Amino acid sequence: MSIKAVLISSGRVLVPPLQGGGVEEYVFRLARHMRDFGIDTLIIDTSLGDSEYVSTVSNTPILRISSRRITNLPKSEIINEMLFGLSVARKMREMTDVNVYHLNSAFNSFIITKVASRKGNETIIIYTCHNSFWPEETVHVNERVVRWVEQQIMRSVDAVIVFNNVMKKSLIERAGIPAEKIFIIPNGTDTNYFRPDVQSQEIHNLYNINNENIILYVGRVTWIKGVHILIKAFEFLINKGYKDIALMITGPLSESYNDRGISKYAYELMEYTRRKLPDKSVIFTGSIPRKLLREVYAGSYTLVLPSFAEAFGMVLVEAMSSGKPVIGSKVGGIPEIIQDGVNGFTFMPGSVLDLSRKIELLLNDKVLARNLGLNARKIAVEKYDWSVIAKKVSTLYNLLIIGKSRV
């Protein structure tokens, strides 16, 4: 049976993303690789303009549709995502040959599930939950709103994809989603792109790094990501006498990927490192192109993800694919990616001392670091390569369509 699937992005960052944008990266890579398994995929994305057109990237068609955009109101990003959802819903009315609609972002998916009508009883709607806060017991008011929105989406769709067991358990307990409706399929990475043998000398030259061992963080520089914990752990190591180390913080200095400003949190961290740590020992790169990112991974010694909440931790898998040992806090889905003593180490969230000890283990034992990196690469290829993930999602599409046709 030929399957046509439409994967819908958030409408916030253009697909494929050049710098950041986890949802958009997921949509693009999944759509691209599922074509290898006979799924006729189409991505619906925003055009960020008034025109509508189809572009093809890596043999994957992307329908870019226009939608109204607001810039001068509070929560404009959310409003724009909902407006994009309205545009998608209108476009869905014109599509008569689609078997699967695959949603990926809360606010446009909410509008789509409320407004769009299905063409035929056999049409499947799937939602991938990317929200890292579901496992958290205490959340702020904004997150409660997001949870309510996602709860409505997940109750109305045919299936929900989550990245790990922690997320599945949370959705069952907190959103009341039936277990049989939730499918665990990890996020993926391009293991041919993120490789250990990528040349990385340019990184040292570009950022004027003379230190041999680069401790790396990749992601948004926000409080929830725990960047301040990593900086304090690095300071502890510097004060303890470690000299040949540098800390590279790579990612947006704002609250979101499509904002080029510097948040108060990021500014305070930059000022703190300037006052408290040796010159050029901490480098804030801001957002960087994907090509440079893989060189950063290849040129690092270890990657640390010190988050207080994390649904999956894509950067861990990218670093593993680059042959690097990884260190992450014991929250969300991180412990399902990091096997202690196999491909890296976990530490207690918020513990500067525990984190500094785990980094020390790697700095003091080069053989251990190398072996963990080799294991990390092997796990990434076998478990997280996009071809592996796409095959699982393709199989799910087929099973759901077969099941729907029998009802």
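Start at Tyr127, whose bridge partner in strand S7 is Val160. That pair belongs to a set of three bridges joining strand S6 (residues 124-128) to strand S7 (residues 159-162), and the two strands run parallel. Strands here are DSSP runs of E with at least two residues, helices are H or I runs of at least four, and both are numbered from the N terminus. Two strands pair if DSSP finds at least two bridges between them.

A word on the source: this is a predicted model, where local features need pLDDT of at least 70 and side-chain atom pairs count only at pLDDT 80 or more, while totals for chains, interfaces and linings use all residues. Residues are numbered from 1 along each chain as its sequence is written, and side-chain values use heavy atoms, with hydrogens and water left out.

Zoom out and you get an open sheet of eight strands with mixed pairing, ordered S3-S4-S2-S1-S5-S6-S7-S8. Strands S3 (53-57) and S8 (182-184) sit at the edges with a single partner strand each, so one side of each has no neighbour in the sheet. Ignoring direction, neighbouring strands are turned by 25° against each other on average.

Now for a helix pair: the axes of H7 (residues 227-239) and H12 (residues 352-364) come within 9 Å and cross at roughly 60°. Axes are lines fitted to C-alpha atoms, for helices over the stretch in contact, with angles from 0 to 180 degrees between N-to-C directions. The contact (heavy atoms within 4.5 Å) includes Phe236 of H7 and Ile359 of H12.
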